[in-house]
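Please open the model in your viewer and keep the sequence panel beside it. The tour below moves from one selection to the next and says what is there at each stop.

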Amino acid sequence: MSKTKDSKTAKASTSKKKASAKKTPKGTPPKKPVSKHRYTAATADKYELYQLAVQSADTDVEFLTETYEALNGRKPKHLREDFCGTALICADWVCRGEDRTAEGYDLDPEPLEWGKQHNMKKVHKKQAEDRLDLYLEDARAPGRKAPDVRIAQNFSYWLFMERAELLEYFKLAQDSLAEDGIFVIDLYGGTEATEEMLEERKIEGGFTYVWDQHEYFPGTAEFFCNIHFKFRDGTELNNAFQYHWRVWGMAELKDLLLEAGFSSCESYFEGDDEDDPEEGNGIFEPDPKGENCESWIGYLVSQK
Ligand SMILES: C[S@@+](CC[C@H](N)C(=O)[O-])C[C@H]1O[C@@H](n2cnc3c(N)ncnc32)[C@H](O)[C@@H]1O
């Protein structure tokens, strides 16, 4: 069977992106008519577009919470998000309970500042700002509090090009966890995963997300990828985000995680849609082998 599940960075909508079903409460005045060309290259905000096209923090946080709970019989409290960018996941995490805290780490001040400006509204609403700390620091920096759940999402750890470098990061992650803590990373693969190709996806709200698997070198597994955005008025934002990665395979990652000292490392793959087994159902479950789809997303969940 050749299932074309959408991988997350490349093509988030099927498995990771939930359509938001906002209802207008009774008595709400009608909205101002939305401009036909709401987004255009001159005014579009690349972080807003990225979050809309690529991220689905609510789904991520649900998965992390349920997975920790299934393994430990209680809910997690403290999250550490490495490579946190705009800290969307941290923000969602702390809004889900007064006992929840989070810390995010990123080396780039720009997305961190953007996140503080744009993702903190609901955090303030829940008076959760004291429970969320963001640090302009390397993902390998020591943390302030042992996390129940530590994550590296959207394949960010693929920027570690050398085995020794990645192993060192995994060792630091293992050592940092609280008792019963879990370290969760995502990855994608499949027969199309390293093909040089462009893939477009229309995003609700009026723009097109373009995932550009630009150049792959099999000798080093180096992968150059870009994200572009196209707008209804014909304008484009090219190379809004650019990545230079090494593609790491699931089996070699499992070996590395166990070598780093984790007591277990389990792969999670998406289940089949009931009506169309060629599609994913958005539910990730433990599955040691997976299925050889054209494109799949998986998680690796490692226990301290
Ligand atoms: C692909 S983005 C991921 C953003 C977000 N976590 C997500 O899930 O979409 C990768 C982020 O890693 C950050 N970064 C790169 N190298 C880093 C390092 N050594 N330590 C911490 N952050 C780093 C970049 O600044 C960027 O914001």
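Two strands are said to pair if DSSP finds at least two bridges between them. Helices (H or I, at least four residues) and strands (E, at least two) are DSSP runs, numbered from the N terminus. With these terms in hand, select strand 1 (residues 78-82) and strand 4 (residues 149-152), which run parallel and are joined by four bridges. Within this pair, arginine 80 has arginine 150 of strand 4 as its bridge partner.

Before going further, note how the model is to be read. This is a predicted model, in which local features need pLDDT of at least 70 and side-chain atom pairs count only at pLDDT 80 or more, while totals for chains, interfaces and linings use all residues. Residues are numbered from 1 along each chain as its sequence is written.

**The whole protein**

Colour the protein by secondary structure, which comes to eight helices and twelve strands. A residue counts as buried if 20 or more other C-beta atoms, placed from the backbone, lie within 10 Å of its own, as exposed if 12 or fewer do, and as partly exposed in between. Of the 304 residues in the protein, 40% are buried. Two residues are in contact if their C-beta atoms, placed from the backbone, lie within 7 Å. Among contacts between residues at least 6 apart in sequence, 68% join residues at least 24 apart.

**The nonpolar cores**

A nonpolar core is a set of buried Ala, Val, Leu, Ile, Met, Phe, Trp, Tyr and Cys residues joined through C-beta atoms within 7 Å. In the largest one, of 56 residues, select Cys90, Val94 and Val184, which touch the most other members. Leaving aside residues up to four places away in sequence, valine 184 touches Leu64, Val149, Ile151, Tyr299 and Val301. Another core lies apart from it, with 15 residues that include Tyr50, Val210, Phe229 and Leu237.

Step next along strand 8 (residues 222-231), whose covered face holds Phe223, Cys225, Ile227, Phe229 and Phe231, whereas Glu222, Phe224, Asn226, His228 and Lys230 make up the uncovered one. Ten bridges pair strand 7 (residues 207-217) with strand 8 in the antiparallel sense, and the bridge partner of tyrosine 209 in strand 8 is phenylalanine 229. On the other pairing, eight bridges join strand 8 to strand 9 (residues 236-246), again antiparallel, and phenylalanine 229 stands opposite leucine 237 in strand 9.

With 16 C-beta neighbours inside 10 Å, alanine 221 counts as partly exposed. Strands 8 and 9 also have four residues between them, and there glycine 234 has a positive phi of about 95 degrees.

**Two single residues**

Select glycine 115, which is placed in helix 5 (residues 109-118). Is glycine 115 buried or exposed? Glycine 115 is buried, because 23 other C-beta atoms lie within 10 Å. Its contacts, not counting residues up to four places away in sequence, are Thr86, Ala87 and Leu88.

Finish at aspartate 180, in the loop between helix 7 (163-176) and strand 5 (182-189). Aspartate 180 has a positive phi of about 70 degrees although it is not a glycine, and aspartate 180 is partly exposed, with 14 other C-beta atoms within 10 Å.
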